[in-house]
Amino acid sequence: MAGNDRCLFCRIAHGEIPSKKVYEDSDVFAFYDINPQAPTHVIVIPRKHISSLDDLSDGEANVVGITLVRLAQIARDLHLSSDGYRVVANHGEAAGQTVFHIHFHLLGGRNFGWPPG
Ligand code: 5GP
Ligand code: ZN
């Protein structure tokens with residue numbers, strides 16, 4: 001994907017759409033969700049555009065792995081780790097995926113029910 005073809009999260013990661021950035025490096029970008037579902041709600045994405053979990057290939061294992069490693073560090077930095085936090089990845093319509101660029105929701109600052117809604 002390039003230029004105007006970029007998806008919403010690619011554009012956010014490129015700084016073309018403003019966001020409240022939490023973390024960035026050459027592999028990963030993280031920003032606060034515009035419609036938070038918890039006191040802390042961060043979206044963590046790989047910079048690489050992958051549309052959904054269903055599009056992942058073996059060669060992209062490192063991309064997802066480093067995204068989760070960075071997510072855990074962000075959770076520590078935001079002091080979520082001792083109380084606990086939830087990580088959510090929605091795939092497809094039934095789960096309510098609305099943005100088709102792989103992302104992990106990092107939710108913290110409250111208690112979470114199980115099973116999830
Ligand atoms: P999904 O439903 O695909 O798992 O999650 C997409 C998330 O992206 C939603 O929680 C939604 O609030 C968030 N989101 C959608 N558009 C924007 C935006 O322009 N900026 C930010 N910061 N978050 C967004
Ligand atoms: Zn994208």
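A cavity is a set of points, on a 1 Å grid over the protein atoms alone, where a 1.4 Å probe fits but cannot get out, and its lining residues have an atom within 4 Å of a point. I note that this is a predicted model, in which local features need pLDDT of at least 70, side-chain atom pairs count only at pLDDT 80 or more, and totals for chains, interfaces and linings use all residues. Residues are numbered from 1 along each chain as its sequence is written, and side-chain values use heavy atoms, with hydrogens and water left out.

Entry 1, the cavity. I found 1 cavity of 30 Å³ or more. The largest cavity holds about 40 Å³ of space, a volume being the space filled by probe spheres set on grid points joined across faces, edges and corners. I listed its lining as Ser52, Leu53, Ala89, Asn90, Gln97, Ile102 and His103.

His103 sits in the loop between helix H3 (92-95) and strand S5 (104-108); helices (H or I, at least four residues) and strands (E, at least two) are DSSP runs, numbered from the N terminus. I recorded a relative accessible area of 7% for His103, which is therefore buried (under 20% relative accessible area, 1.4 Å probe, protein chains only).

A polar atom of the His103 side chain lies 2.7 Å from the backbone oxygen of His101.

Definitions and conventions: Chains are lettered from A and ligands numbered from 1 in the order in which they are written. Buried means under 20% relative accessible area, exposed over 50%, partly exposed in between (1.4 Å probe, protein chains only). A polar contact is a pair of N or O atoms within 3.5 Å; within protein, one must be able to donate a hydrogen and the other to accept it, and residues adjacent in sequence count only if both atoms are side-chain atoms. On a 1 Å grid over the protein atoms alone, a cavity is a set of points where a 1.4 Å probe fits but cannot get out, and a pocket is an open set with protein on both sides within 12 Å along at least five of seven lines; lining residues have an atom within 4 Å of a point.
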